[in-house]
Amino acid sequence: HVVNDHALVVHGGLPRDTSVRLADIEALDRSQGPEDARRIFTDLQWADPCDKKGQFRSQRGEDIVVFGPDVTKAFLDANGLGLLIRSHEVKDEGFEWAHDKRCLTVFSAPQYCDTCDNKGAVIRLNVPEGGGPPETEIRVFTVGPRPDFYVPAMAYSPMSPACKKYLSGPAKKLLQGYLQG
């Protein structure tokens, strides 16, 4: 999504194919398409910024990449944009600027999965009255009070010992069989 002809908002990052433009992304059919289209979607969903120039395989594995400040600059400049906004990584302060303040990671889940000690953040883009690029207002927050009946994150995952606390008798038996066999 492009906001005010200035900021591209994605979950992950930028396409590894440096020839991809906004028009190419807009023309993609997410439900089907060639391998190149699937790779672009993978990058938009999962790629992360890094400090080194270029593109590299991510430590996350599979076909995931990281991209450097040169990739951000080239993509934004080629598409007449000023900012990439993304959200795919937990950040201690809820947000993090990278790539000469042209790449902003905003992570809105404080205390992610009840295991991290991170803050959350949201942004607001304010367009000046006289026009021009939007001004970025970042709002940081911490986790709020828990309700009386709070189910911890991942409590229903079969891999979590805590899940047994929340399951019915038949569900516990089914889970036990799954884990044993």
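## Arg60 and Asp48

Arg60 and Asp48 form a salt bridge in which the closest N and O atoms are 2.7 Å apart. Asp48 belongs to strand β3 (residues 48–49) and Arg60 to the loop between β4 (55–57) and β5 (65–67), so the bridge ties together parts that are twelve residues apart in sequence. The model is a predicted one.

Asp48 is buried, with a relative accessible area of 4%, whereas Arg60 is partly exposed at 47%.

## Glu93 and Lys119

A salt bridge also joins the side chains of Glu93 and Lys119, with an N to O distance of 3.1 Å. Glu93 sits in the loop between β6 (83–86) and β7 (95–98), and Lys119 in the loop between β8 (103–106) and β9 (120–126), so this pair ties together parts that are 26 residues apart in sequence.

Glu93 is partly exposed, its relative accessible area being 43%. Lys119 also counts as partly exposed, at 30% relative accessibility.

## Asp114 and Arg146

The side chains of Asp114 and Arg146 meet in a salt bridge at 2.8 Å, N to O. This pair links distant parts of the chain, 32 residues apart: Asp114 is in the loop between β8 and β9, and Arg146 in the loop between β10 (135–141) and α4 (163–166).

Asp114 has a relative accessible area of 26% and is partly exposed. Arg146 is partly exposed as well, at 36%.

The structure holds 13 salt bridges.

Terms used: Residues numbered from 1 in each chain as written. Predicted model: local features only at pLDDT ≥ 70, side-chain atom pairs only at ≥ 80, totals over all residues. Heavy atoms only, no water. Salt bridge = Lys/Arg side-chain N within 4 Å of Asp/Glu carboxyl O. Helix = DSSP H or I, 4+ residues; strand = E, 2+ residues; numbered from the N terminus. Buried < 20%, exposed > 50% of the residue type's maximum accessible area, 1.4 Å probe, protein only.
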